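Dear colleague,

Please find below the structure that I am handing over to you. My notes on it come after the sequence and coordinates.

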Amino acid sequence: MSTDAIAIQTADAAGRPWVETLHEWVTTVDHKRLGILYILYALFFLVVAGLEATIIRIQLIRPHNDFVSPQVFNRMFTMHGTTMIFFVVIPVMFGFANYLVPLMIGARDMAFPRLNAFSFWLTALGGILLYFSFLGGNGLYGAGNAPDVGWWAYAPLTSRAFSPGHSSDYWTLALLVSGFGSIGTAINLIATIVSMRCPGMTLGRMPLFAWLNLIMAGMVILAIAPLTAAQVMLAVDRYLGGHFFDTQAGGSATLWMHFFWIFGHPEVYVLVVPAFAFLSEIIPVFSRKPIFGYPVMVGATACIGFLSLSVWAHHMFTIGMNSYANGFFAITTFAVGIPTGIKIFNWLGTMWGGRIQFKTPMLFCIGFLFQFLIAGLTGIMLGTAPFNWQLSGSYFVVAHFHYVIVGGILFALFGAFYFWYPKITGRMFNETLGKLHFWLFLIGFHLTFDVMHIPGLLGMPRRIYTYEPGRGWETLNLLVTIGAFVQGIAILVFVANLVISYFKGTKAGNDPWDAWTLEWSVSSPPPAYNFASVPTVASRRPLWDLKHPEDPDSRYE
Amino acid sequence: MSAITNPLSETTTAWKLPYRGNVGMACLIFAESAIFMIFVVAYLFYVGKSLTGPTPREVLETPIFYTICLLSSSLAIHFAGKLLERGRRGAFLTLLLLTIVLGALFLYGTGQEWHRLIYGRGLTISTNLFGTTYYSLVGLHATHVIVGLVMLSIVLVFGIAGRVGPEQSARIDVLSLYWHFVDAVWVVVFTVVYVLGR
């Protein structure tokens with residue numbers, strides 16, 4: 001098939017100066033290198049935003065604490081949210097998609113390699129702009145530095161009167177620039193998946209990973225574009241004296257909320273659909289069974305993508321919409337639970353009767369299944385308008401969406417890291433450290449975010465700087481903070497595992513998991529040209545066909 | 001593993017996928033449409049909500065002539081593409097030039113209207129909600145016209161240098177797709193600003 005290597009002169013690979021290597025990485029248009037750059041960039045910001053979360057948690061460890069000033073606290077939660085969403089999860093998902101999609105569909109590279117590099121560097125510039133605000137946000141007024149308006153930056157907090165200096169402008173520009181990068185990558189992914197598939201790779205035979213990333217890219221286009229438009233309006237307001245969100249001149253603060261959440265809610269699904277994609281590749285391999293209900297999986301994901309565009313105002317139940325709007329957005333929110341439930345059922349169906357191997361990637365996926373279910377259930381609770389009126393803006397909401405993002409998305413991401421680490425680096429990771437990471441992180445996660453629901457139910461508002469003793473919040477907040485530290489230690493174990501295994505790990509070989517998609521047919525790490533000859537596929541599991549010519553899948557599909 | 005060949009090779013069947021340029025441009029158009037949609041929603045939401053004058057009814061004049069210019073430029077680029085496909089480079093360049101001239105005329109029209117509004121009627125982007133929404137919506141569209149004109153001019157320069165032949169016609173089609181989009185958006189903007197918004 002495509003396993004014959006092409007001889008490429010690598011004689012001078014050893015003794016080159018580091019400047020040359022650096023130059024190669026900076027100017028690269030190779031989808032694999034850009035994928036790695038995306039992932040490393042995201043890991044860096046994961047550490048930064050994690051430290052910000054730690055500062056928030058230390059501040060809240062006991063009542064009347066003054067570990068940081070209220071101003072710094074506001075900056076910390078704003079930067080933590082913005083960084084995690086825009087500069088950690090989106091880039092890391094794009095990184096994996098960039099690296100894996102061309103390999104999975106048997107392509108040489110992405111459809112537009114230079115656009116790919118351009119998009120990455122735009123995203124990188126966005127992150128730098130956001131953090132440059134710590135230095136440059138002062139502006140002429142000497143007030144504030146980093147943005148402190150919350151990650152959704154509600155009007156009128158962002159108006160000139162309440163946000164002097166340039167801190168909000170850095171926020172706007174960072175999101176605008178990285179938004180262009182995201183749209184570029186999304187266009188690239190769609191064009192790659194539609195136009196670059198190898199012969200025989202019909203849409204019905206495409207790995208679910210590619211399918212789900214196709215849907216994710218479509219959602220990025222429809223979700224990020226409104227955010228871009230809203231950021232342009234905010235810039236017009238702040239720099240040209242416009243009145244879009246200026247209530248003094250008849251403008252509407254509510255309009256910003258709508259625009260932000262038209263982006264904001266689909267964004268959640270933009271982040272979670274790639275997590276679904278990881279699960280759909282990892283669970284079958286470690287269950288030793290093909291995925292259960294392939295067409296239904298695709299249909300359910302498309303359905304989630306479609307529904308997610310019509311649920312945004314469930315973030316806004318408390319602003320006083322009429323009962324028809326409340327009813328509509330509550331119903332569409334519940335409806336998303338149906339295709340999501342179908343997907344969880346299908347993953348369980350894949351595991352059912354399989355010979356499950358409890359390797360580290362699989363453990364993280366199983367963790368995902370339980371935690372994402374609970375996150376979905378609290379989501380249904382919050383989607384109920386009257387319940388939401390009670391708990392909106394409380395720590396219950398914070399616990400809910402961290403359950404989605406940490407308990408769901410991050411667990412799937414860790415699974416993906418361990419699953420594709422041998423392919424990307426050519427080395428196996430340390431299984432013992434991997435399992436240690438899993439259990440530590442699991443304990444830390446549940447300690448933090450299970451407990452966090454309760455102060456929310458007791459009325460603790462989110463974004464609160466400090467609180468009075470005697471409300472029953474003290475012990476709970478202490479436990480939450482301890483859990484955060486346990487998670488931090490687990491992340492250190494993870495990073496140590498990645499670094500140590502890169503140098504000391506055993507050679508992985510092409511296909512350490514005995515998997516079935518095309519990326520495992522090439523060497524680890526894959527050569528620059530991916531496939532020596534263009535592969536041809538005849539079923540959803542081309543490597544199964546290759547390994548079992550007596551009983552190929554294509555006979556039954 | 002290299003010894004095992006794929007048991008069910010299908011190399012004999014024809015394998016043709018859509019051209020990536022068209023797919024990419026279609027996606028870009030979806031993204032741009034979403035951006036325009038937000039601006040259109042903002043425009044319609046704020047119609048009649050300005051606290052001070054001038055109002056659209058007082059100051060706007062319908063730009064019929066320049067609209068005809070822009071819409072007919074879509075026809076010009078369409079036929080330019082067809083001619084290039086048949087290898088008639090001279091006719092292609094003429095129609096391409098016509099497209100650019102018509103687009104530039106439209107842009108001139110927008111500029112003139114803005115000049116009249118700013119200096120004649122005292123309407124700027126910070127005057128009232130109408131000014132804010134009008135200049136940003138029309139300005140967003142004008143920005144797209146400028147981007148389109150730049151791309152068309154690049155093609156024109158290469159064409160005059162003799163570097164554009166029938167083998168590039170698929171790429172010219174991608175560009176013309178963008179130009180059609182810019183025109184189609186103007187139909188929406190025109191309807192919203194000059195018909196519904198008054």
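This is a predicted model: local features need pLDDT of at least 70, side-chain atom pairs count only at pLDDT 80 or more; totals for chains, interfaces and linings use all residues.

The contact takes 41 residues from chain A and 35 residues from chain B. On the side of chain A that touches chain B, α5 (167–195), α6 (208–240), α7 (253–287) and α15 (542–547) each supply at least two residues. Of these, α6(A) gives the most, with 10 residues. By class, this side of chain A comprises 27 nonpolar, 11 polar and three charged residues.

Within chain B, helix α4 (residues 89–120) has 32 residues and spans 45 Å from its first C-alpha to its last, close to the 46 Å expected. Its buried residues are F92(B), L95(B), L96(B), T99(B), I100(B), L102(B), G103(B), F106(B) and L117(B). These buried residues pack against α2 (56–59), α3 (64–85) and α5 (129–160) of chain B. Just after α4(B), G122(B) adopts a positive phi of about 70°.

A further helix pair in chain B is α3(B) and α6(B) (residues 169–196), whose axes come within 10 Å and cross at roughly 165°. The two helices are therefore roughly antiparallel, an angle over 145 degrees being counted as such. Their crossing is left-handed. Residues of α3(B) in this contact include T67(B), L70(B), L71(B) and S74(B), while those of α6(B) include W179(B), H180(B), W186(B) and F190(B). The residues of this contact divide into eight nonpolar, seven polar and three charged.

Yours sincerely

Conventions: Residues are numbered from 1 along each chain as its sequence is written. Chains are lettered from A and ligands numbered from 1 in the order in which they are written. Helices (H or I, at least four residues) and strands (E, at least two) are DSSP runs, numbered from the N terminus. The expected span of a helix is 1.5 Å times one less than its number of residues. A residue is buried if 20 or more other C-beta atoms lie within 10 Å of its own, exposed if 12 or fewer, and partly exposed in between; C-beta atoms are placed from the backbone. Two residues are in contact if their C-beta atoms, placed from the backbone, lie within 7 Å. Ala, Val, Leu, Ile, Met, Phe, Trp, Tyr, Cys and Pro count as nonpolar, Asp, Glu, Lys and Arg as charged, and the others, Gly among them, as polar. Axes are lines fitted to C-alpha atoms, for helices over the stretch in contact, and angles run from 0 to 180 degrees between N-to-C directions. Angles under 35 degrees count as roughly parallel, over 145 as roughly antiparallel, 65 to 115 as roughly perpendicular and the rest as oblique. A crossing is left-handed if the near helix is turned anticlockwise from the far one by less than a right angle, and right-handed if clockwise.
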